[in-house]
Amino acid sequence: MKASRSWLTLLGPGLLLYLLPLVLKVTGLRSVDGGHSYPESYKGVVGGNVSFYCPVDKTKNLDFLYFQKVVVIGEQIFFNGYHSKPLKPQPRTEMDQSNTIMHIYELTSSDSGEYECHYMYKDDQTVNTVKIHLSVTALFSKPVITNNCNQANGIPLECEVKCEAHNGFPNKKIKWNELRNISKEMWNILRNNEVPTKTELVNISSTASFNCSVGELKVSCSVDGITSDIISVCYSKASPDQSANLIIVIAAVVCVLVGIAILCVFKFKKRTTEAENTRSNGHPEEVRVLNNLGS
């Protein structure tokens, strides 16, 4: 026990300083150091709205309160607020002075970033700052999956499968799902593409190649937790029963042709034999000679 207490005595202050930000994050409290607080995290979606709250003391009189966006270190853009009087706000913003809340409407992907709320009380010349982080996202559409196979005599050899999703932000990777969990050596991703749109969103696609020596596969793809329809890859249009029936038909045709050929050969030999017998037994000269001998 003494040893453990001595360790706590040595590590206690440092351990508390390390755990304090974690405790504040879990409990939702803010830690202020020199008037600067740890960043508040907000999330929004493209086309939606978000509201930033600045935690001022309602019992005190404010001298000023305004929100700004940090473009780069040392450079900010004023968004909304007042400094003795309202200042010109940015479009799509609205300030609720009574509740010290700034609203941003119709969010775009470019609204993502770091913001700051600055305020000061009239009886205190300390400038307080609350840091805010905003993440704006847009869910991709349901992925669409298509299949194109190289075939030989109707049998697929290799298939290229393409998965596409549209109008999302930020860029994300498409996940492939193969239900049989075949070896990675039997399929591989050929390319991933990202195409920006006019609305600052992106369209993404991924193309994978599957070796059909493993037989028919069930494949889908997913992004943002949304999964495409499941399609069959390396699927042969001729089923085993159809293939068997085709073999039987071909065999029957071959047998018939062979039978006809044998019959033709037999008839040809028969006719040849009869012709030879006729020439040997019914020759006119031979008959005349026999008649002369008989007289």
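Colleague: Which cysteine does a disulfide join to C149?
Modeller: A disulfide here is a pair of cysteine sulfur atoms within 2.5 Å. In this predicted model, C149 has its sulfur 1.9 Å from the sulfur of a partner cysteine. That partner is C159.

Colleague: Is the link of C149 and C159 left-handed or right-handed, and how many residues apart in sequence are the parts it ties together?
Modeller: With 100 degrees about the S-S bond, the link is right-handed. Strands are DSSP runs of E with at least two residues, helices are runs of H or I with at least four, and both are numbered from the N terminus. C149 lies in strand β11 (144–152) and C159 in strand β12 (155–168), so the distance in sequence is ten residues.

Colleague: What kind of model is this, and what do its side-chain values use?
Modeller: It's a predicted model, where local features need pLDDT of at least 70, side-chain atom pairs count only at pLDDT 80 or more, and totals for chains, interfaces and linings use all residues.

Colleague: Is C149 buried, exposed or partly exposed?
Modeller: Buried means under 20% relative accessible area, exposed means over 50%, and partly exposed is in between (1.4 Å probe, protein chains only). C149 has 23%, so it counts as partly exposed.

Colleague: How many residues apart in sequence are the parts tied together by C54 and C117?
Modeller: Those two form a disulfide with sulfur atoms 1.8 Å apart, and at -110 degrees about the S-S bond it's left-handed. C54 lies in the loop between β4 and β5 (62–72), while C117 is in strand β9 (residues 113–121), so the pair bridges a distance in sequence of 63 residues.

Colleague: Which strand holds C221, the partner of C163?
Modeller: The sulfur atoms of C163 and C221 are 2.0 Å apart, and the torsion is about 80 degrees, so this disulfide is right-handed. The pair links distant parts of the chain, 58 residues apart, with C163 in strand β12. C221 is in strand β16 (residues 217–223).

Colleague: What pattern do the disulfides follow?
Modeller: A search of the whole structure turns up four disulfides. Count the bonded cysteines along the chain and you get 1-2, 3-4, 5-7, 6-8.

Colleague: Which residue of β8 is the bridge partner of E94?
Modeller: Strands of a sheet pair through backbone hydrogen bonds, either parallel or antiparallel. β7 and β8 (residues 101–104) take the antiparallel sense, over four bridges. In β8, E94 is partnered by H103.

Colleague: Which residue in the turn between β14 and β15 has a positive phi?
Modeller: β14 (residues 187–196) and β15 (residues 202–211) run antiparallel and are joined by nine bridges. They form a hairpin with five residues between them. The residue with a phi of about 70 degrees is E200.

Colleague: Is I262 buried or exposed?
Modeller: I262 has its place in helix α2 (residues 240–281). Its relative accessibility is 56%, so I262 counts as exposed.

Terms used:
Residues numbered from 1 in each chain as written. Heavy atoms only, no water. Pairing = 2+ DSSP bridges.
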